[in-house]
Amino acid sequence: MKGYERYDEVLDAQQLLLSLIDLATKRGAHPDKLLKGTKLFSSDMSKKNLAKNGLTCSANTLLTVIENCTKLVKGNEISFLLGRRYFPSQLGLLGQALMNCRHLGDMLRLCQCFQLDCFPLMSLQLKHFNKNSYLIFQSAVGKLSKNQQVFITEFMLSALLGAIKYRCGVLPQLTIHLDYPEVQHIEQYHTHLHMKANIAVHFDQQICMLTIPSEQMYLPFNDSAISLKTVALEQVRQSETRPYATSFIQQLNSYLSQGLLEKGDLSQDNCAQHFGYSSATLKRKLANHQLNYQGVIDAIRSQQAVFQLIVCQHSNEKIADDLYFTDVSNFRKAFKRWTGMTPNSMRAQHCFN
Amino acid sequence: MNTPFIKAHFHLLVILFITLATVIAATFSLGELKPSKELDYFDALGEGGMTVMTLVWIGFILLSRPTGKVTNWLFSGLLLMNISMLLDFIDEFIVYPDNSAWLTAIESLPAPVGMIIMSIALYQWHQEQMTISAQLRRTEHVHRDHNLTDFITGLYSAKYMKQQIKHQLLYSKKNNMPFTVMMLDIRQFDQFNRQYSHQQGDNLLREIGQVITMNIRDQDLACRYASDRFVVLFPNATTTLAEVFSWHIENSLANVAFKVGSDQRANYQKITICSKEFDGNQSDYQVLELMNQQMDNTKIKNNKHQDKRVA
């Protein structure tokens, strides 16, 4: 199945774009200024035009509006408000299906399958280790600016925590690792994300992830109805006319990480062939996302190494071996290049946390 | 840009336009154009720049001020100064015949008159500002920065509070005076939002912000923290005093019958309040961190208390 790309006009604008513009306008920003650089005007968003065209937008449009929004609206509150209001009312039929999932893990799987309708800008990757589940966040639409990265992460976190709190009744003890330095508007983390009370937040990490105890992840909800979920999903599938569900970058990432695990042939030509493109097309597509092939591979390997280091607490030898490095010193050099610190110093820093 | 005032200033705009048109028409009809080699471009540039700048100032005054006496004074003063500068500027391009030389003689006259009027206007502006500052007491501490206000409640935001706490910490440490910070959290705000829409939630936040400011002293400062949390700074106060105030706020909020839109039913809100005394040996970051911890502890304690009562 084909994946959506940054410039494909496939996102349902009603879901994120309109509510984002609505929120920002209520906080004093002018809609046309929010839409600057998107080739859209606020009159395009009127009811009449929407009924006529059924507005879709590209991920790039949404990203531009997010960037404008962080510059125009004071207070850094919007990302959190957007997230808190997201589930289940903004998600339509999919929200209904999500409401009737058996447990959190089930909900998460739906989010992954319907990435385009749920979280189109970031992909969620689930990993398990010991008694914990780890949700790793990664951009699904290529390179993001710092503002966009912070905004989208905040949005995702508050939406996920909102959903967890809504379905479980209480918020379990969770840990969040963020891959950006501590922000100025820490008060929003205190109130919206319940930082300190239930959630431990670590800034300035090399990986962006949410840790949930697996027990909580698969704790069944009492009031879910499988039949309702099936009906809702069937309706979603019927109304689904677009051939996309997950993003191209997401597909590329999972293909490459699978390949890395199995030590397959990861040459650019081979990869292009797998997706049915020529090598030049793949290169151009990556350039559209402001990425390059080696950079993508490095990012995946770096993420795997960091995960093994801080979560599994493996030794350098074991990680080097798992990632198919010829020796430990090669691994140490590569790690330093990816993250800016040696494996040992990261280990020390993490123990300190 | 929001320009709610410009429409109300229609008559001033007409006056501005007519005056400038008259001045230009009069000078051009009385005098003759200078031959181009006599022109002093450097001079013309400077004087032209001054004319344009005063026009820009007039524009800003009309854009940012509501109608009223002070606005009229400011406008007239600036307009007179602008006339002088305009005459001076046109002077560079036009020579007057001898019988119209009086124009050059009086061209500098409007400026001093305008400056006197401007001075009167600025004095009145000062008086007006004092009145507004009195209205802003309890929500502002000496320093003003419109970039730090919170759009929803009209109070200052957490960033402003952080700055003020920083100042207060220095002051407290130097003078050995404790101060107290109070944090307030609306109970079940999420549920309210879900039930009555977020628009109404925003209204509720604004009203509660006002109730809080009504119940504190003049030297205290109330700000919005984030989401449904407020934070109040009490300089030179101990926890005992803050507890009295928190009792006052709780009491008055219990009697605020909030109406949702045009609905007649009253909606009473409950809040969680906690306060903590500081002696100036912490950092501003620690203060807020400690306040949040205190708030979480208070919430847990309250919940337990409720559970017991139900059991």
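1. Thr213(B) is located in helix α8 of chain B; helices are DSSP runs of H or I with at least four residues, numbered from the N terminus. The model is a predicted one, in which local features need pLDDT of at least 70, side-chain atom pairs count only at pLDDT 80 or more, and totals for chains, interfaces and linings use all residues. Residues are numbered from 1 along each chain as its sequence is written, and chains are lettered from A and ligands numbered from 1 in the order in which they are written.

2. Thr213(B) counts as buried because it has 20 C-beta neighbours inside 10 Å (buried: 20 or more other C-beta atoms within 10 Å, with C-beta atoms placed from the backbone). Leaving aside residues up to four places away in sequence, Thr213(B) touches Arg138(B), Thr139(B) and Ala222(B); contact requires C-beta atoms, placed from the backbone, within 7 Å.

3. Helix α8 (residues 198-214) of chain B packs against helix α9 (residues 239-254) of chain B at about 135°, and their axes are 9 Å apart. Axes are lines fitted to C-alpha atoms over the stretch in contact, and angles run from 0 to 180 degrees between N-to-C directions. The contact joins Ile208(B), Val211(B) and Ile212(B) of α8(B) to Ile249(B), Ser252(B) and Leu253(B) of α9(B).

4. Chain B comprises domain 1 (6-136) and domain 2 (146-310), with bounds from an automatic or database domain assignment. The C-alpha centres of domain 1 of chain B and domain 2 of chain B are 49 Å apart.

How values were computed: Helix = DSSP H or I, 4+ residues; strand = E, 2+ residues; numbered from the N terminus. Contact = placed C-beta atoms within 7 Å. Buried ≥ 20, exposed ≤ 12 C-beta atoms within 10 Å, placed from the backbone.
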